[in-house]
Amino acid sequence: MISPSPEEEHDSVVRHTTDNGVSWITLNRPAAMNAITPDQRERLVSLLETASADPAVRAVVLTATGKGFCAGADLRGAPAGQERVAGDVARLIRGGAQRLITAVLDCEKPVIAAVNGTAAGLGAHLALACDLVLAAESAVFIEVFIRRGLVPDGGGAYLLPRLTGPQRAKELMFFGDALPAAEAERLGLVNRVVPDDELTKTARAWAERLAAGPTRALALTKALVNASLETDRPAAFAAEAAAQEINMTTADAQEGVRAFLERRPPVYRGR
């Protein structure tokens, strides 16, 4: 029997296709509720970085197979009983969970999370880092760290307060209760909740609409919004003016203005 290559193994646990300008990245370890192994994490980071640079990719959908979107980091392969060196955990978090979340936040294409089931711990933060979040009615979000006696990582204490405010974020993190999709939508964590059997169809419609849009304008808009949470008004206004200056050099911006003047729908090509 021939053993699969590392690339084939990666492809089996993280499926990837590109269709109509949309990069579909699908976690595929349903028996483990799609808990992320280090190899899977590296594959996800690589695919997101590739999507940023690939002109054929104009939007990304992140989803999963089975009943779970992602149960967090897979800790079962972690070495047990090994002496811990000061700084090891911090280095592991920086190079692991935080690096994955950063890859989503910094991806130059819009990223949609299609949350098909349970999103717990790092899995919840992976969804919340995306630009738009669609959730199946059966999906739940769980800040599971406190149940294990742990501090939230993977950017949780950064992402959650910006979406819900500090009091709600603390409630979710202090108690670790399961948050149904409908309640997550009410709190602003989810853009839209859809029936389970309509999740993929809705994600495809949203992603293809984004893929038909002005790609560089979307990238600059994403960067402006993300940066606005970290800066003051003068810096935000300066960044906005600079972004518009850059954007006006693109073919899509020129097409958009020309189409407006000619009273016709624009045809954007991601350039």
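Modeller: Two strands pair if DSSP finds at least two bridges between them, and strands here are DSSP runs of E with at least two residues, helices runs of H or I with at least four, each numbered from the N terminus. This is a predicted model, where local features need pLDDT of at least 70, side-chain atom pairs count only at pLDDT 80 or more, and totals for chains, interfaces and linings use all residues. Residues are numbered from 1 along each chain as its sequence is written, and side-chain values use heavy atoms, leaving out hydrogens and water.

Let's take β2, residues 22-27. On one side, β1 (residues 14-19) runs antiparallel to β2, joined by 6 bridges. Val14 sits opposite Leu27 of β2 there. The hairpin of β1 and β2 leaves 2 residues between the strands, and Asn20 in this hairpin has a positive phi near 55°.

β2 also pairs with β3 (residues 59-64), this time parallel, again through 6 bridges. To get from β2 to β3, the chain passes through helix α2 (residues 38-53), in a right-handed β-α-β crossover: with the strands pointing away from you, the path from the first strand over the helix to the second runs clockwise.

Now the side chains: in a regular strand they alternate between the two faces of the sheet. In β2, Val22, Trp24 and Thr26 are on one side, with Ser23, Ile25 and Leu27 on the other, and all are buried (under 20% relative accessible area with a 1.4 Å probe, protein chains only; exposed is over 50%, partly exposed in between). That's 6 of the 6 residues in β2.
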